[in-house]
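Hello,

Here is the structure for your records. My notes follow below it.

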Amino acid sequence: MHLQQLSVINFKNYTEAGLLLSDGVNAFLGDNGAGKTNLLDAIHYLALCKSYFNPIDSQQIKQDADFFIITGTFSRNGQTEAIACSVKRNQKKQFKRNKKDYPRLADHIGLLPLVMVSPNDVSIIVEGSEERRKFIDNVISQTDNGYLDELIAYNKVLINRNALLKAAADTGRYDQSLLEIFDEQLTSSGKKIFEKRKAFMEAFTPVFNSHYRFLTGEAENVELIYESQLLQIDLETLLRKSAEKDKVLERTTCGVHKDDLLFYIHGMPIKKFGSQGQQKSFLIALKLAQYTLLQQAKGFKPLLLLDDVFDKLDDKRVEKLMQMVSNHDFGQVFITDTGYNRVKQIFEDMQVPVKLFKIAQGEVDA
Ligand SMILES: Nc1ncnc2c1ncn2[C@@H]1O[C@H](COP(=O)(O)OP(=O)(O)OP(=O)(O)O)[C@@H](O)[C@H]1O
């Protein structure tokens, strides 16, 4: 699958721009604040109906404008897909596929799989466990339609159970039969989520290890561990055992909402003991593993968006990454960087064709 052309009107710092893209590597190059990442985000928006960086749609509209439009023509399984998206202030966003409206926006998601690697991803390492659960949930949802439904069901019961515990503490009355119903529902969804996460991590971890090793050589020893209370004990028993504690703390203290991913380098948490370059390499390997599993599930190559990817990586790692790109391990790739000559040189040295775009203050020059 690849994006043949992209147009934006009033999107972030662009008034109007159109790009004809290569089906191999495309590089958006320019100074800080020029609008390179904004182009990646426009592609992300077109594929996944939302910005990668900012959940508020109206903030993607160019300052002082009332709407934005993004259009793109994709070649997918030998067919052309014309996707158009428009957002007006205070109105629902609209997506069209080959000029037809979607009955549900959710029907669009999954059509154009995509993986973004961005400096913002460092939150997966440095922030709390919620960021890591969000990462794993996003990756599983992209390939498993039922997973998101289970997550929604689980979170709904969790909110209700916590409200019950809080109300019981406030009123002194404890509705045991309602709690048992919630526990049953929580156990049913929680078990399914746990089984899917466990199976996913079993497939994901060796792919991650192999990408990390390729990128960094054999010297660094990293570990990726799925941590869940359910690995030791089933959720039914857990909920029963923690019932008294939950009453005192007025919230549900066990379940899959406590799951986490642990990241180690040489036996130590990478958050505290990894250099910026090592953390970045770890994140790239995580995202490339996501790419590989997505490709396996879809049967074709997703788009790969690499924002500011050379920053903090040493020359050897840059070369390895570009080797992966040039081996056509990935299909269409988009790269951003501030150094026009640097990127031109890297690709010339590797004898990899690349389409270079000069970006300056919301203007594109191919
Ligand atoms: N809604 C908007 N209206 C106008 N400008 C916006 C809007 N949203 C973002 N911008 C501007 O777009 C500019 C370019 O942002 P972008 O993140 O694409 O830069 P970049 O070229 O990737 O820079 P860097 O190299 O620093 O990462 C920023 O200066 C930002 O203020």
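Lysine 12 takes a positive phi near 50 degrees in the hairpin of E1 and E2, which has two residues between the strands. Helices (H or I, at least four residues) and strands (E, at least two) are DSSP runs, numbered from the N terminus.

The model is predicted: local features need pLDDT of at least 70, side-chain atom pairs count only at pLDDT 80 or more, and totals for chains, interfaces and linings use all residues. Residues are numbered from 1 along each chain as its sequence is written, and side-chain values use heavy atoms, with hydrogens and water left out.

E1 (residues 2–11) and E2 (residues 14–20) run antiparallel, joined by six bridges. Strands pair if DSSP finds at least two bridges between them. E1 also pairs with E4 (residues 67–76), antiparallel, over seven bridges. Isoleucine 9 has glutamate 16 as its bridge partner in E2 and isoleucine 69 in E4.

The open sheet has six strands, in the order E2-E1-E4-E5-E6-E7, with antiparallel pairing. Its edge strands are E2 and E7 (100–101), and each pairs on one side only.

Now the ligand. Polar contacts are N or O pairs within 3.5 Å. A polar side-chain atom of threonine 37 lies 2.5 Å from a ligand oxygen. Polar backbone atoms of glycine 35 and asparagine 38 are each 2.9 Å from an oxygen atom of the ligand.

Regards

Terms used:
A polar contact is a pair of N or O atoms within 3.5 Å; within protein, one must be able to donate a hydrogen and the other to accept it, and residues adjacent in sequence count only if both atoms are side-chain atoms.
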